[in-house]
Amino acid sequence: MKTAIRFKDVSKIYSLKSGDVIALDHVSLSIDEGEFIAIMGPSGSGKSTLLNMMGCLDTPTDGEVFISDQNIGEMSDDQLTILRRRHLGFIFQQFNLIPLLSAIENVRLPLILNGGSDVCTDRCRNILSAVGISEERLEHKPSELSGGQQQRVAIARALINNPEILLADEPTGNLDTKTGAQIMDLLSHLRKEEGKTIIMVTHDPTLSRYADRVINIVDGRIQ
Amino acid sequence: MNRPIFLLFAVRNLRLHWLRSLLAMIGIIIGVVAITSMGILGSSLVLSISEDLTTVGDTIVVIPHTGGSAMGRGGGIASDDLITSRQLERITRASVPHTVIPVYSGGERIRVGGETGYAALYGMRTSDVPLLLELSDGQYLRGASGAMVGPRLAETYSMKTGSRFSIGAFGQSLRVVGILEERGMGFDINSDNAVIVSDRWFESTYSPTGYDSVIVKVRSLEEIEGVKESIEKSLNRRETEVDVYDTRAILSTILETFGRISTFTIAIGGISLIVAGVSIFNVMMMSVMERYREIGVLRSIGCLRREIRRMFFYESLLLGIAGSLVGGLLSVAGGYVALLIMLENTSYLLAPSSLIYIPIGMVFGVGTSVLSGLYPAWKASEANPIEALRHE
């Protein structure tokens, strides 16, 4: 099994006026391709920092982080952005669709950023229908969609460039239980059928049953 | 890489906040109209002035050192400050081989039919008249009798070739032999409202002791400086006897002055463009702050810093282009109004040197918006994606 993500003795220290804050304290971990990982822990435990680092939005103060075998500590901002674009998909608690764009345009956006033409609507349509968005909603703006629909569009957007790794930050946090369960089923389907590596941060212990492995983090340390 | 998606973002965001965009655009429109109308006004001012002036640059005017300026002569015949025939000889020698035209000047009452009035009077050698003035009707002076009249004077008193009028306190009668071509305001003589008589008639009537001015027609512009120096050297070595003016220098001084006035008015117009720039800056900063979270999302799904920059840059560019286009169109009307109020003459509105201010104003308009958009765009691109994503 190939390793998708590897942390080698990683520390992250934020320097604030009130003193240094240790967000990650000598963390080492390794996640294989195709694993479904749940990261759990109390607020301020460092799980967001862990996820941000996996998402190449943050770089370590100490230690090394490898995403798809690339050491992110040695990469420029542009290189990290290209890495995100090609290998990572983000799913947020707040859905975070671009309000100016319609559902299908939101999905098409990463494709265009990746140098694709803006007429590849077939792929967008297929992915949107695969995540359960019906044809007549394609031209709707995010504000005209329900929370569940928005999250489905967001998942389609995360999938469009066919990334190996999906990063989900409380993906069901803003949804009711029933819709949340549907989204979780969709994620585990993606892992099973398409072999995506999925890393999910959550507060909700009931969601851990979807995961192959749970990483508990407290005070910047893995328990 | 061609990514029209960022242009699309800009267009949609401007449309979404249409009132804000419109207000920012109006700022640019006003700025462009202000600059352009002021430019048109200045250019028309220069054009109208230079058309009024006789633009011959090949003339040197010599006048006695004291007693009136080059442009204010014709006040009285009894002036003591005249150019004597000895001085004239020295001027002639200094100016060889150029043409020297001594001129008597004065003013006198005239009477045409029942009307009386006052006219400038110039006495010249009859052979010199064709060198200086153009004829529009009749013929040039030949003998000692007869007179030529300027076109405006002829119009005022309805004089034609062959008309008679009387001049002076004793009512000497003169016949109009020719009407002059309109010449505009000159630095040498102002003939449009004048009566031109022969030097012999002038001498026998007034017995002057010298000439009021001497005009030297120089063959080519390059020689003006040399002739001027030579006259100065010949007459003004010991004491300043005469003042020597060359019309080209006077003309360029006047045009330069008006050029400065016009630059100043454009600068005032520029202030309104600066205000417009501040308002664009403000709108762009608002746009960046409002969409801070969106910037975070875009960064996380793979937008490069320069792509974020471009997205906001397009917004200010579009505002600038739209504002400048409308401003450019409106400034034709703005220029018209400015000319109507300030010059009461709109005939120079469509002159190329006026119209050039429209593209200039538009370039300044676009430039101002682009400059105002630079910092907000940079600010947006420098946003930390993690902080931006957390932004509410």
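The largest cavity holds about 70 Å³ of space. The structure described here is a predicted model. When the whole structure is searched, one cavity of 30 Å³ or more turns up.

The lining of the largest cavity draws on both chains: from chain A come Arg84(A), Arg85(A), Leu88(A), Gly89(A), Phe90(A), Pro110(A), Arg157(A), Ala158(A), Asn161(A) and Pro163(A), and from chain B comes Ile301(B). Of the lining residues, six are nonpolar, two are polar and three are charged. Helix H2, strand S6 and helix H5 of chain A are the elements that give two or more residues each to this lining. The largest share comes from S6(A), which gives three residues. The table lists the spans of these elements.

| Element | Residues in chain A |
|---|---|
| Helix H2 | 77–87 |
| Strand S6 | 88–91 |
| Helix H5 | 147–159 |

Chain A also has a sheet. Which strands form the open sheet of four strands, and in what order? The order is S2-S1-S4-S5 in chain A, and the pairing is antiparallel. At the edges stand strand S2, residues 19–32, and strand S5, residues 70–71, each of which pairs on one side only. S5(A) is joined by two bridges to strand S4 of chain A, residues 62–67, and these two strands run antiparallel. Across this pair, Gln70(A) in S5(A) stands opposite Ile67(A).

Turning to chain B, there are 13 helices and 10 strands. How does the radius of gyration of chain B stand against that of a compact globule of 392 residues? Chain B has 33 Å, whereas such a globule would have a value near 21 Å. The C-alpha trace of chain B spans about 105 × 50 × 35 Å along its principal axes. Of the 392 residues in chain B, 50% are buried.

One part of chain B carries an annotation. In an unreviewed entry, UniProt lists residues 267–385 of chain B as "domain: ABC3 transporter permease C-terminal". In the model, residues 267–385 of chain B are 85% helix and 0% strand.

Key:
Residues are numbered from 1 along each chain as its sequence is written. Chains are lettered from A and ligands numbered from 1 in the order in which they are written. This is a predicted model: local features need pLDDT of at least 70, side-chain atom pairs count only at pLDDT 80 or more; totals for chains, interfaces and linings use all residues. Side-chain values use heavy atoms; hydrogens and water are left out. On a 1 Å grid over the protein atoms alone, a cavity is a set of points where a 1.4 Å probe fits but cannot get out, and a pocket is an open set with protein on both sides within 12 Å along at least five of seven lines; lining residues have an atom within 4 Å of a point. Grid points are joined across faces, edges and corners, and a volume is the space filled by probe spheres set on the points. Ala, Val, Leu, Ile, Met, Phe, Trp, Tyr, Cys and Pro count as nonpolar, Asp, Glu, Lys and Arg as charged, and the others, Gly among them, as polar. UniProt positions are given in the numbering used here, feature names are shortened, and annotations may be inferred rather than shown by experiment. Two strands pair if DSSP finds at least two bridges between them. The radius of gyration is taken over C-alpha atoms; the globule rule is 2.2 Å times the number of residues to the power 0.38. Buried means under 20% relative accessible area, exposed over 50%, partly exposed in between (1.4 Å probe, protein chains only).
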